[in-house]
Amino acid sequence: MPHITVDCPRRLAGLFDLSAFTAELHPMVLAGSSSAGTCKTLFRKATEAHVAHRHSSEVLFVHVEVGLLPGRSDGLKARLAENILGLLENHVRKATTDDVVCSVEVRDLAGSYRLRTL
């Protein structure tokens, strides 16, 4: 059930080992959210990203969003977000020495959420 989206600039996506990151991310999300479902991750390569008040063109931005079925506490979602930030930091540091602004949001999926394998 967890739906994960990772947004990052094309330049970083070319350096970042997405498979290795996902291999660690999926078990972390399942354990951290007490989910029994299957993680699904979508990587979106941004053509352009800007970080306010950063004047260097070397500043990169990565955002990870995790959608879960409702019912988890805000504390659990915050702990999971912190853990994902740590994992992201480890993988990003292996990819580049440039400044990278990283963020994570763990949110509830909408009540209209449905899943079907075709």
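This briefing walks through the strands, helices and a few residues of the structure above.

The model is predicted, so local features need pLDDT of at least 70 and side-chain atom pairs count only at pLDDT 80 or more, while totals for chains, interfaces and linings use all residues. Residues are numbered from 1 along each chain as its sequence is written, and side-chain values use heavy atoms, with hydrogens and water left out. Helices (H or I, at least four residues) and strands (E, at least two) are DSSP runs, numbered from the N terminus.

**How the strands pair**

- Strand 3, helix 3 (residues 74-95) and strand 4 form a right-handed β-α-β unit; right-handed means that, with the strands pointing away from the viewer, the path from the first strand over the helix to the second runs clockwise.

**How enclosed the strands are**

- Buried means under 20% relative accessible area and exposed over 50%, with partly exposed in between (1.4 Å probe, protein chains only).
- Strand 3 has 7 of its 9 residues buried, so it is largely enclosed by the rest of the structure.
- Strand 1 is likewise largely enclosed by the rest of the structure, because 5 of its 7 residues are buried.

**Helix 3**

- The 22 residues of helix 3 should span 32 Å at 1.5 Å a residue, and its end C-alpha atoms are 31 Å apart, which agrees; the expected span is 1.5 Å times one less than the number of residues.
- The buried residues of helix 3 are Leu 76, Lys 77, Leu 80, Ala 81, Ile 84, Leu 87, Leu 88, His 91, Val 92 and Ala 95.
- These residues cover an arc of only 135 degrees around the axis, which puts them on the same side of helix 3; the arc is that of the directions from the helix axis to the C-beta atoms.
- Arg 79 and Glu 82 are exposed on the other side of helix 3.
- Helix 1 (10-13), helix 2 (18-33), strand 3 and strand 4 are what the buried residues of helix 3 pack against, where contact means heavy atoms within 4.5 Å.

**Helix 2 and the residue after it**

- Helix 2 has 16 residues and reaches 21 Å from first to last C-alpha, close to the 22 Å expected at 1.5 Å a residue.
- Its buried residues are Leu 18, Phe 21, Thr 22, Leu 25, Val 29 and Ser 33, and their cover includes strand 1, strand 2, strand 3 and helix 3.
- Asp 17 caps the N-terminal end of helix 2, with a side-chain oxygen 3.3 Å from the backbone nitrogen of Ser 19.
- Ser 34 follows helix 2 and lies in the loop between helix 2 and strand 2.
- Phi of Ser 34 is near 55 degrees, a positive value in a residue other than glycine, and Ser 34 is exposed, with a relative accessible area of 61%.

- His 63 is in strand 3 and counts as buried at 17% relative accessibility.
- Beyond residues up to four places away in sequence, His 63 touches Thr 5, Val 6, Asp 7, Ser 103, Val 104 and Glu 105.
- The side chain of His 63 makes a polar contact with the side chain of Ser 103 (2.6 Å); a polar contact is a pair of N or O atoms within 3.5 Å, and within protein one must be able to donate a hydrogen and the other to accept it, with residues adjacent in sequence counting only if both atoms are side-chain atoms.
- Thr 5 lies in strand 1 and counts as buried at 15% relative accessibility.
- Val 106, in strand 4, is buried with a relative accessible area of 12%.
- Setting aside residues up to four places away in sequence, Val 106 touches Val 66 and Leu 68, as well as Lys 77, Leu 80 and Ala 81.
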